[in-house]
Amino acid sequence: MSFLKASLTGLFFILLLSSCNNYNKVLKSKNNTYKLSVADKLYAQKKYRTAQQLYEQLYPVYKGTDKFEEIYYRDAYCFYYLGEYKDAENFFKGFLDVFPNSPKAEEVDFMHAFCFYKSSPKVELDQTNTVKSIGLLQSFINAHPGSARIDTANSIIDMCRNKLETKQSSAADLYYKIGQYRAAALSYADLMTDYPGSLNGEAYKLKEIKSYYKFAQLSIPEKQEERFEKVIIEFRDFADRYPDSKLLKDAENYSNLSQNNIKVIEKK
């Protein structure tokens with residue numbers, strides 16, 4: 001058994017050395033047509049790293065020829081398939097700059113935006129690429145109104161916006177958790193402004209009211225009355241926005257508590 005394993009290991013290294021030698025021969029070859037055909041074959045075999053090395057070696061050879069567009073296009077996709085989205089984004093953008101009238105321009109424009117989406121990190125991290133993705137995808141939709149990719153672009157925009165909303169909501173919840181109630185209230189109000197169609201709108205409004213109530217409770221006596229009145233005002237806004245909400249009674253409870261607190265303050 002050990003002899004068989006040793007034989008197979010030896011055979012593997014022989015094949016690996018042979019493959020490396022063949023690849024080195026291709027790299028050193030002065031037959032550019034042959035080199036390009038090998039690069040295309042490697043690309044088709046999804047061996048993107050080695051294909052990419054050959055394509056980039058051929059840039060100065062084919063620049064200005066009718067083959068250069070396809071080389072540049074495939075090179076950009078090599079980066080994409082390797083998961084190197086920052087480089088892919090740069091190459092897709094470069095393609096659009098060099099070949100603005102290419103039949104592939106629409107596809108590449110989409111991929112340029114899509115790379116930012118693929119680079120979008122976890123919710124807890126900085127969402128700069130998420131924001132850029134939304135902007136670029138919207139620009140894509142505006143530039144290509146008849147594109148078959150519009151539905152996909154809109155779906156990605158929705159996912160990105162949901163991600164941003166989740167991050168913003170988590171920040172508001174954290175403010176509430178650490179007792180920064182005014183900051184929490186303002187953050188929940190911002191969520192409603194920034195995401196007016198959110199399914200969580202009623203919950204955000206209730207949390208805003210609850211935060212203002214907590215803020216009023218902890219305020220100095222001279223400020224409490226006006227801050228309890230703020231709770232009542234926000235409840236009325238809730239009732240106007242969501243008259244049939246299941247959360248209406250909870251919101252009304254904070255309004256009633258605030259009215260009772262104001263009565264006590266006025267008797268002093």
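**Close-up views: a surface patch and a buried serine**

**View 1. Leu 174, Tyr 175 and Ile 178 make up a nonpolar surface patch with about 290 Å² of accessible area together.** Accessible areas here follow the Shrake-Rupley method with a 1.4 Å probe. Patch members have over 30% relative accessible area and no salt bridge, with nonpolar side chains joined within 5 Å; a salt bridge is a Lys or Arg side-chain nitrogen within 4 Å of an Asp or Glu carboxyl oxygen. This is a predicted model, in which local features need pLDDT of at least 70 and side-chain atom pairs count only at pLDDT 80 or more. Residues are numbered from 1 along each chain, and side-chain values use heavy atoms, leaving out hydrogens and water.

**View 2. Tyr 175 sits in helix H9 (residues 150-177).** Helices are DSSP runs of H or I with at least four residues, numbered from the N terminus. Tyr 175 is partly exposed because its relative accessibility is 34%, between the limits for buried (under 20%) and exposed (over 50%).

**View 3. Ser 120 belongs to the loop between helix H7 (105-118) and helix H8 (128-143).** With a relative accessible area of 14%, Ser 120 is buried. Beyond residues up to four places away in sequence, Ser 120 touches Gln 127, Asn 129, Thr 130 and Lys 163 (contact: heavy atoms within 4.5 Å).

**View 4. The side chain of Ser 120 makes polar contacts with those of Thr 130, at 2.5 Å, and Lys 163, at 2.7 Å.** Such a contact pairs N or O atoms within 3.5 Å, one able to donate a hydrogen and the other to accept it.

Terms used
Helices (H or I, at least four residues) and strands (E, at least two) are DSSP runs, numbered from the N terminus. Buried means under 20% relative accessible area, exposed over 50%, partly exposed in between (1.4 Å probe, protein chains only). Patches are made of residues with over 30% relative accessible area and no salt bridge: like charges are joined within 9 Å, nonpolar side chains (Val, Leu, Ile, Met, Phe, Trp, Tyr) within 5 Å.
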